[in-house]
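Here's a quick walk through one model, with a look at its strands and at its aromatic rings. Have the structure open as you read.

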Amino acid sequence: MILLKLGIVSLAVSVAVGEWIRQYRVKRDRQWRSKEGNGTTGAELARSILSAKRIDDVEVVESRHFLTNHFLPEEKVVRLAPENFHGKTIAALGMAAHVVGHALQAEEGHRPLRWRNEAIRFTVW
């Protein structure tokens, strides 16, 4: 009987802590996505990083689809989803910098990136 009570108390505590964590993460995510950066858009940041590294042959374009942020090494194109291309939030700037990071890796001949790109070619229909 005591084990049953202990189990129920443990379950209740687990559920309560889990719910508190979920609410905290939702609140923080909302703050993160709404917080403005320095007024620069994701596209402007991407272009400025590429210019600073003297990479002039990579184009930054707006993707037509939601949640499609990627770098295509064959085409030398950084594609940003509309919310990140035009966005000025910290999240949009972070995503733009992340995707441009792949362009920098390609420029430097980063071997793991090449392996990743080869693996993707085999998995795409």
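This is a predicted model: local features need pLDDT of at least 70, side-chain atom pairs count only at pLDDT 80 or more; totals for chains, interfaces and linings use all residues.

For strands to count as paired here, DSSP has to find at least two bridges between them. One of the contacts to look for is Leu72, whose bridge partner in S3 is Val77. The hairpin of S2 and S3 has 4 residues between the strands, and in that hairpin Lys76 takes a positive phi near 55 degrees.

S3 (residues 77–80) also pairs with S1 (residues 59–62), this time in parallel, through 4 bridges. Over on that side, Glu62 has Leu80 as its bridge partner in S3.

Here are the two pairings together:

| Strand pair | Direction | Bridges |
|---|---|---|
| S1 and S3 | parallel | 4 bridges |

Now for the rings. How many aromatic pairs does the count come to? It comes to 1 aromatic pair. The ring centres of Trp20 and Tyr24 are 5.8 Å apart and their planes meet at 15 degrees, so the pair is stacked; the cut-off for stacked is planes under 30 degrees apart.

Both residues sit in helix H1 (residues 2–34), where Trp20 and Tyr24 are 4 residues apart, about one turn of the helix. Are these two buried or exposed? Trp20 counts as exposed because its relative accessibility is 57%, with the cut-off for exposed being over 50%. Tyr24, at 44% relative accessibility, counts as partly exposed.

Key: Residues are numbered from 1 along each chain as its sequence is written. Side-chain values use heavy atoms; hydrogens and water are left out. Helices (H or I, at least four residues) and strands (E, at least two) are DSSP runs, numbered from the N terminus. Rings of Phe, Tyr and Trp (its six-membered ring) pair if their centres lie within 6.5 Å; planes under 30 degrees apart count as stacked, over 60 as edge-to-face and the rest as tilted. Buried means under 20% relative accessible area, exposed over 50%, partly exposed in between (1.4 Å probe, protein chains only).
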